[in-house]
Amino acid sequence: MESKIIGTVMPVLELSMQPGDKVFAESGQLSWLSMAIQMQTSTSAGGQQGGFMGALGRAVAGGTLFMTEYTAGGGPGLLAFAAKLPGQILPMEITPGQGYMVHRHGFMCATPGVQFSIGFQQRLGAGVFGGTGFRMQRLQGQGQAWVELHGEVVTYDLQAGNTLRVHPGHVGMYQESVQFNVTTVPGIKNAFFGGDGLFLAALTGPGRVWLQSMTMQHLAHAIQEYLPKAG
């Protein structure tokens, strides 16, 4: 199977598949495919483990209950997935013992052998602060995966003990060796009047982190005034 990323601002992942090649993706990810590509949808497509409870966990992490497996049948086939927002598509080689945590809208597709599951979820500013949730998806196992990050992508290699504090929406992906914690914005005036929320993600090395310049929250805020109003 050969992969090609086409475009710049709104890229497309194009897979040229040989007979017997397989990939799986969440339901609703497909953009286009040739006649040779066969589809099969289930909660365990792509060899995913955990049965219904595993599928439920993926849904809690921002994914879907069902996955679709795409197989090249009697001849070579073409399969494509398009980015949902402006950004970049990153190919990732998943190996045993080296997993990745990806933001909840980041997983695009993968080859069988890659396990896609919930990483964790934490409630930011629950109760009186009415904060939003922070959820990640985990990629483990062995195989090839493709991840979608939004906007421009900035990569840092953190040394052991080094900590980078990041607005939660800018956390795109990081190696599982990186420790994740939630910390508060220092200072009462900064927290309540700084406009950046109450919480930051603290990423501590060793390991690599991928940050995304576009956040869903900032995009929604930018277009909010142009959306139709009820009544």
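Helices (H or I, at least four residues) and strands (E, at least two) are DSSP runs, numbered from the N terminus. The model is a predicted one, in which local features need pLDDT of at least 70 and side-chain atom pairs count only at pLDDT 80 or more, while totals for chains, interfaces and linings use all residues. Residues are numbered from 1 along each chain as its sequence is written, and side-chain values use heavy atoms, with hydrogens and water left out.

The protein chain has three helices and 19 strands. Of its 231 residues, 42% are buried (under 20% relative accessible area; exposed is over 50%, partly exposed in between; 1.4 Å probe, protein chains only). Contact means heavy atoms within 4.5 Å. Among contacts with a separation of 6 or more, 78% join residues 24 or more positions apart. The accessible surface of the protein chain is about 11,700 Å². Carbon and sulfur atoms hold 56% of that surface. Accessible areas come from the Shrake-Rupley method with a 1.4 Å probe, and for residues only the protein chains shown count as cover.

A45 lies in the loop between β5 (37-42) and α1 (51-60). The residue is buried, at a relative accessible area of 5%. F24 is 21 residues away in sequence, yet the C-alpha to C-alpha distance between A45 and F24 is 6.6 Å. With neighbours within four places in sequence left aside, A45 is in contact with F24, Q40, M67, T68 and E69.

F24 also belongs to an aromatic cluster, together with F107 and F116. Rings of Phe, Tyr and Trp (its six-membered ring) pair if their centres lie within 6.5 Å; planes under 30 degrees apart count as stacked, over 60 as edge-to-face and the rest as tilted. Five aromatic pairs are found in the whole structure. F107 and F116 are stacked, 4.3 Å centre to centre with 20° between the planes. Both are buried: F107 at 1% relative accessibility, F116 at 3%. Y174 and F180 are stacked too, because their ring centres are 6.3 Å apart and their planes stand at 5°. Y174 is buried at 2%, and F180 is buried at 13%.

An open sheet is formed by four strands in the order β1-β2-β7-β4, with antiparallel pairing. Two strands pair if DSSP finds at least two bridges between them. β1 (2-6) and β4 (30-33) each have a single partner strand, so one side of each is left without a neighbour in the sheet. Neighbouring strands are turned by 20° against each other on average, direction ignored. The axes behind this angle are lines fitted to C-alpha atoms, for helices over the stretch in contact; angles run from 0 to 180 degrees between N-to-C directions. β4 pairs with β7 (residues 77-82) over three bridges, in the antiparallel sense. L30 stands opposite F81 in β7.

A nonpolar core is a set of buried Ala, Val, Leu, Ile, Met, Phe, Trp, Tyr and Cys residues joined through side-chain atoms within 4.5 Å. The largest core has 19 residues, of which M92, L139, M173 and W210 touch the most other members. At least two residues of this core come from each of β8 (87-94), β9 (100-103), β10 (107-110), β11 (114-123) and β13 (143-150). Beyond its neighbours within four places in sequence, M173 is in contact with L90, M92, Y100, M101, V102, V147, V209 and W210. A second, separate core of 14 residues includes L15, V23, M108 and C109.

P206 lies in the loop between β18 (199-204) and β19 (207-212). The peptide bond joining G205 and P206 is cis, with omega about 20°. Most peptide bonds are trans.
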